[in-house]
Structures are given as C-alpha cells and as structure tokens.
Amino acid sequence: MVHQNKSNGFTLIEVAIVLVVIGLLLGGVLKGQELINNTKVKAYAADFRNIPVALYGYQDRFKTLPGDDPNVISHLAGATKAQMPMSAQGNGVIDGPWDTTDDTNESCLFWQHVRLAGLAPGQSNVDCTSTNSTYVPRNTNGGRIGIQSNKGLATITGQIPGTYVVCSNNIPGEYVSQIDTLLDDGNPQTGSVRAILQSAAPGPPSSATVVTDNPADVFTVCMGV
C-alpha cells in the first residue's frame with residue numbers, strides 16, 4: 001500500500017490570511033498611538049487656551065489683573081495680596097517670572113486669585129516654592145505652567161506678540177510642532193507661539209529643524225496672549 005505524505009506547511013491562502021490579520025493589528029496599534037498623541041497635543045493646547053480665559057474673566061469682573069490686584073483682599077475672601085515687586089500692585093502688569101518660586105510674586109499669586117474667583121480649578125493655599133507643589137499647575141508631562149507679562153520674559157529672547165505670555169515646559173519635541181500648528185503658524189521661531197530646547201534656555205527660539213531632530217528631548221513653549 002502506498003502512503004501519501006501530508007504537507008505540514010501553510011498554504012498560500014493561510015499565509016495571506018495571517019498577513020492580513022497582522023496588517024490589521026499593526027494598523028490598529030498605529031491608529032491607537034495616533035489617537036493618544038492627538039489627545040496629548042489637545043491637552044497641551046487646552047492649557048494655553050484656558051489661562052487667558054481666566055485672566056480676562058477676572059479682569060472683566062474686577063477691572064484689574066489677577067496677581068496684580070491691589071484690592072484683592074476685599075474682592076475675594078481668603079486672598080493674599082502680592083508683595084513683590086514692592087509697590088507695583090495695580091500697575092497693570094503681572095510682574096515676576098512665569099516659573100517663579102517666590103510666593104509673594106504676582107505671577108505666583110495669579111493662580112490663587114483666579115481660583116478664588118471660581119475661574120480655574122486647583123488649591124488656593126499659595127505654594128510656588130516646592131517642586132512637588134500641587135498649587136502650581138502642571139501639563140500632561142508634569143511640566144510647569146505659568147503666566148507673566150510679556151515685559152521681562154527671559155526664557156525665550158526676542159519679542160513675542162501679545163501683552164502676556166503663557167509658558168509650559170517639559171514638553172517632548174515630538175509634540176511641539178503639532179502644538180504650534182494647532183495654536184499658531186507651525187513654526188517655533190515665529191508667530192505668537194515660540195519654543196526653545198529646555199537645555200538651551202534662556203535664548204532665542206529653536207528652529208523647526210531642532211524640534212524635528214530632538215523628538216525625545218524636552219522643550220519650553222511660550223504663547224503670547
């Protein structure tokens with residue numbers, strides 16, 4: 001009796017099915033990653049968009065700026081009046097750097113004032129001195145978010161359009177161009193949104209090439225409002 005040998009290999013149809021399944025899985029993974037990236041970019045962008053809303057909401061209600069409010073104690077129960085710079089409260093400037101560690105600076109007390117006014121979430125117990133503080137708002141990558149008047153911005157040199165500047169650091173390079181495209185002109189060296197490699201600050205804004213070539217490095221992004 002003659003025995004026929006059965007092949008243990010895959011047929012072309014089986015191989016094709018496997019390849020199709022693998023392709024679908026890879027496509028799903030890539031699409032999922034794209035959705036995650038888009039969500040992060042939108043979260044970063046929301047940080048920049050929400051702060052001016054709180055700023056101008058406060059100004060509309062009290063006819064003065066949060067942080068710079070000379071009558072904040074009578075405006076809001078439990079509020080703290082800024083002490084630094086001395087005798088500068090009510091001058092129409094949010095003094096102090098956006099990343100201040102001084103609890104008495106106007107740029108620090110900005111957060112307490114808008115929160116007590118119900119214009120932003122977060123604690124109102126002032127604490128800009130601690131690196132682990134929950135008082136200072138953070139972006140999705142743990143970077144610090146802050147605001148100051150455009151006058152005296154040291155992080156990124158060169159004039160950024162706008163009266164005030166919102167800055168956020170520790171943003172991975174892979175998201176910087178997308179943030180700039182969503183909020184401005186897509187160029188980190190021009191327009192109202194500028195970016196700088198964090199290790200290069202203070203200095204002029206980074207070029208699009210620097211951003212593209214350093215996707216894993218972190219940047220500081222600032223937007224004039």
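A nonpolar patch here is made of Val, Leu, Ile, Met, Phe, Trp or Tyr side chains joined within 5 Å, each residue having over 30% relative accessible area and no salt bridge. Keep in mind that this is a predicted model.

**Stop 1: the surface patch**

Select Phe-10, Val-15, Val-18, Leu-19, Ile-22 and Leu-26. Together they make a nonpolar surface patch of about 600 Å². Now pick out Leu-19, which sits in helix H1, residues 12–62. Is Leu-19 buried or exposed? Its relative accessible area is 55%. The cut-off for exposed is over 50%, so Leu-19 counts as exposed.

**Stop 2**

Select Cys-108 and Cys-128. They form a disulfide, with 2.2 Å between the sulfur atoms. The torsion about this S-S bond is about 105°, so the disulfide is right-handed. Cys-108 belongs to helix H3 (residues 106–116), and Cys-128 to the loop between H3 and S1. The pair therefore ties together parts 20 residues apart in sequence. Both Cys-108 and Cys-128 are buried.

**Stop 3: strand S1**

Move to residues 145–149, strand S1. Five of its five residues are buried. Colour the two faces separately. Ile-145, Ile-147 and Ser-149 lie on one side, Gly-146 and Gln-148 on the other, and both faces are covered. S1 and S2 pair in the antiparallel sense, over five bridges. Which residue in S2 is the bridge partner of Gly-146? Cys-167 is that partner.

**Stop 4: from S2 to S4**

The link is right-handed, with 110° about the S-S bond. Cys-167 is in strand S2 and Cys-222 in strand S4 (residues 218–224), so the pair ties together parts that are 55 residues apart in sequence. Check the accessibility of each cysteine. Cys-167 is at 0% relative accessibility and counts as buried. Cys-222 is also at 0%, and is buried.

Zoom out to see the disulfides together. The whole structure has two. With the bonded cysteines numbered in sequence order, the pairing reads 1-2, 3-4.

**Stop 5: helix H4**

Finish on residues 173–183, helix H4. Select Gly-173, Tyr-175, Val-176, Ile-179, Asp-180 and Leu-183, which are buried. Look down the axis: they cover an arc of only 140°, which puts them on the same side of H4. An α-helix has 3.6 residues a turn, so residues three or four places apart point the same way.

Methods: Residues numbered from 1 in each chain as written. Predicted model: local features only at pLDDT ≥ 70, side-chain atom pairs only at ≥ 80, totals over all residues. Heavy atoms only, no water. Buried < 20%, exposed > 50% of the residue type's maximum accessible area, 1.4 Å probe, protein only. Helix = DSSP H or I, 4+ residues; strand = E, 2+ residues; numbered from the N terminus. Pairing = 2+ DSSP bridges. Patch = residues over 30% accessible without salt bridge, like charges linked within 9 Å, V, L, I, M, F, W, Y side chains within 5 Å. Areas by Shrake-Rupley, 256 points an atom, 1.4 Å probe, with all protein chains shown as cover. Salt bridge = Lys/Arg side-chain N within 4 Å of Asp/Glu carboxyl O. Arc of directions from axis to C-beta. Disulfide = S-S within 2.5 Å.
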